[in-house]
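Me: Hi! I would like to learn how to read the features of a protein model. Could you walk me through one?

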Amino acid sequence: MPNTDRIDAAPEAPVAVSWECISNMARENAFAARLTLHNRSEQPIAAGWAVCFNTCRKVVPGSVAPGYAIDHINGDLFRLSATAPGAGWPAGAALVITYDAQFWAISMTDAPLGFYLVPGDGGRAADLGDPHIVPFARPEQRHRGALDRTPLADAAGRYVENSSASLLAPEHVGRITPRPLVAQFGDVACTLTRRTSIVFSEGLSGEAALLRAMLDQLPDQADGAAARILLDIAAVDVAASAGSPAHEAYQLDIEPGAVRIRGAGAHGVFNAIQSLRQLLANGSGALPTGRVADAPRFAYRGMMLDVARHFASKETVMRLLDCMALYKLNRFHFHLTDDEGWRFAVPALPELTAIGARRGVATDGQACLPPSFGSGADVERSAGSGHYSAADFVAILRYAHARHIEVIPEFNLPGHARAAVVAMRARHDRLRAAGDVDGAERYLLDDAGDRSVYESVQLWHDNVICIALPSVDRFIDAVVAELVALYRSAGVPLRTVHTGGDEVPAGAWLGSPRCQALMAARGWTGIAALRSDFLARCRAILARHGVALAGWEETALEHQLVDGRDRLVPRPQPAAGGGGMLVYAWNNAWGWGQEDGAYRLANAGCQVVLANCANLYFDLAQAKDPDEPGYYWCGFVSVRDAFVFCPLDMVATAGTEPMGGPVPPQALAAMTRLDAGGMACIVGIQGQLWGENARSRERIEYLAAPRLIALAERAWASDPGWSAIGDAHLRAARIACDWNEFANRLGQRDLARLDASPLAYGYRLPPPGAVLADDAYRANVALPGLALHYTIDGSEPDAHSARYAGPVPAAPAIVAFRVATFDTRGRKSRTVTLEPDHADYE
């Protein structure tokens, strides 16, 4: 798989593409754009040509420049063509095509991607790559119409925002993240080396092996005798939160001659090793003597990775697991399937990966899925192609299990299922052509007579399985059986399977003869009964395999009239022991009316994982910056947004609605709060990294960290007490103080830990804030402790350039002030440029 965030056109690509957002103010809920396509080859392109591309912004009908048409094929795939019959494309000619599209375009993520040329003579499709994106420089390009109140995160805006952060002395910055319940350190040193001995009790050989690998990174020897390490399982005396998993508690005692680790269980010992790993991050082997006693706040501390939209290699997944383990996260939600890809091999159903794991324009006669999210025409080079072999999957399970991370696989049904639907339709057609009619029908997922009309959020028109078919149950059973077999082969328990259930588009099943016939036979008058029956069947299939059911919030909600309004309310739950499910609540965009959905579910007795989009969707852009990757439909999610999340009282730190406006106080006051029973039903929190824009390992790691560390802080550390502060100004001051310490922890300690070999994680470095004010160039950084380096001669700064230590006086000799943030490896953020005329560029 390619490891690039952008797919640039090869030098021999026949067409060069440029794209520009002209204005977001041209019309309501739409923006104007311009495409420029230059035939730079020496040959004309024959009539009948088309240029295809992916975009999340649907083209407005009738808005395309005369002489051209842009047709929606399916999903995010569009086709540009000339409307005049016989219109060829002369060599050297440039086509300039304007059009309008829905909503707005304020960042690189909004641009169309993955262009490819389909010749009119039937030749092979040619990848053109991503377009040159004209910078978003004017106000009408940078704002979402007149209602957009979110300030632009340019250099000046960041400078103001960063000004509230201050550098703390090291002794005022926590040494361990997440913050432990008890941490006391002295001035005496303890030294470990790669020769340090490890003594461990029964049942801790795996933990000892991981500790040995960690010690092998230390120097061979040091002055004086090295301390030894003792690992043991025993009772731990620590005041943990209610609901805290007792077996994860630990005590770490560091003396000059010995390090004693005691865990309430093997997991507790592992957690203590991670704290020790953090204390050893500088690689010298020296650590302070002292005592740490700790236990987690929540039992479930998770991270979800979507590998369906773009495939992530086994190694990329393992790197994320390493990062999770370092910060004591213990659930890996593995989103394996969606409309755009199926990544889990089922030998009995080879089409699932032969077709469902390949994306592009096939040239070998083998069917595949269409390009999505800019993945391009070339199937083999596509970041949308790939799957995990059985050996890969088992290796991931074992790797996670060794780090005390439970892998929760997700197969998204009944919506978000196009990859499976297409694959099983191809299987049906193959077997039917061979005369095996019964075999063809055995695992079919769609009703051939379905005339339902719908469009999913991702613009698909055929992505929902027909839940009336008995073959659907056989399909689910076959997938789960293979899953159970691989977990057994890995020697890892399979406890929970997530079956998705989100975003089924309105209109699905209404035109399906099979669904309508089943509803009539059962006396059901609405689709809700059909959906409830499917959920019960899923629960029963999993129960036969000894596995619990999990799903997104839609699986636990139903539409009801409440005070004359259509509301989503919790479905009645099965009696205790009757097959309840784990519910992941996500859709809490402020101002949309569903903010308290998670609490209503918990108060109704559902076991809830908080997956709130407004704080924990790590695929969303981190700031309103044209160069910051990610969507922003729920707003922008910064590290601070994840840090200030209050799991048991979200209203206490409520954010703004997605356009940046405040949520009315009366709306906040009317939101459901957790009752005592509901609090006990919040089992934990989880970060989500959806894959639409995660086209490479580099992009995954950029989006994940350091937001993942803030997630871990809120999932593990004790309640910071913010919601108990009644005065809003005092609460804000306390939050600001706590955030400043955490920002210092990131800047002074945690990001350097991620720099350390062998992990060397590719986290996001925040670009600096900078202004030219009072006759001096001034810069600052969001995470105090990170280094800024600058130049004044117009050259690009590197780690050897002058380190910023204070304002740089303006002078005629300064060509431009260019500054960037650097990590301990010499990696840099985007460069900020201040010209003498006060303009800033990035």
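Reply: Happy to! Let's begin with a definition: two strands pair if DSSP finds at least two bridges between them. Keep in mind that this is a predicted model.

Me: Thanks! How do strands of a sheet pair in general?

Reply: Strands of a sheet pair through backbone hydrogen bonds, and the pairing is either parallel or antiparallel. Here, strand 3 (residues 50-54) pairs with strand 5 (residues 77-82) over 5 bridges, in the antiparallel sense. Look for Phe-53, which stands opposite Phe-78 in strand 5.

Me: Which strands form the open sheet, and in what order?

Reply: The open sheet has 5 strands in the order 4-5-3-7-8, with antiparallel pairing. Its edge strands are strand 4 (68-74) and strand 8 (126-129), and each of these pairs on one side only. On average, neighbouring strands of this sheet are turned by 25° against each other, direction ignored.

Me: Now helices, please. What describes two packed helices?

Reply: Two packed helices are described by the angle between their axes and the distance between the axes. Take helix 3 (residues 205-215) and helix 4 (residues 266-279): they pack at an angle of about 10°, and their axes are 10 Å apart. Angles under 35 degrees count as roughly parallel, so helix 3 is roughly parallel to helix 4.

Me: Let me try another pair. At what angle do helix 5 and helix 7 pack?

Reply: Helix 5 (residues 314-326) and helix 7 (residues 390-402) pack at about 10°, with axes 10 Å apart. Therefore helix 5 is roughly parallel to helix 7. Among the residues that meet are Val-317 and Leu-321 in helix 5, and Ala-395 and Tyr-399 in helix 7. The contact of helix 5 with helix 7 has 7 nonpolar, no polar and 3 charged residues.

Me: Last one: is Asp-148 buried or exposed?

Reply: Under 20% relative accessible area counts as buried; Asp-148 has 11%, so Asp-148 is buried. You will find Asp-148 in the loop between helix 1 (139-142) and helix 2 (155-162). A polar atom of the Asp-148 side chain lies 2.8 Å from the backbone nitrogen of Arg-144, and one lies 3.1 Å from the backbone nitrogen of Thr-150. Leaving aside neighbours within four places in sequence, Asp-148 is in contact with His-143, Lys-624 and Met-659.

Technical notes. Residues are numbered from 1 along each chain as its sequence is written. This is a predicted model: local features need pLDDT of at least 70, side-chain atom pairs count only at pLDDT 80 or more; totals for chains, interfaces and linings use all residues. Side-chain values use heavy atoms; hydrogens and water are left out. Axes are lines fitted to C-alpha atoms, for helices over the stretch in contact, and angles run from 0 to 180 degrees between N-to-C directions. Helices (H or I, at least four residues) and strands (E, at least two) are DSSP runs, numbered from the N terminus. Angles under 35 degrees count as roughly parallel, over 145 as roughly antiparallel, 65 to 115 as roughly perpendicular and the rest as oblique. Contact means heavy atoms within 4.5 Å. Ala, Val, Leu, Ile, Met, Phe, Trp, Tyr, Cys and Pro count as nonpolar, Asp, Glu, Lys and Arg as charged, and the others, Gly among them, as polar. Buried means under 20% relative accessible area, exposed over 50%, partly exposed in between (1.4 Å probe, protein chains only). A polar contact is a pair of N or O atoms within 3.5 Å; within protein, one must be able to donate a hydrogen and the other to accept it, and residues adjacent in sequence count only if both atoms are side-chain atoms.
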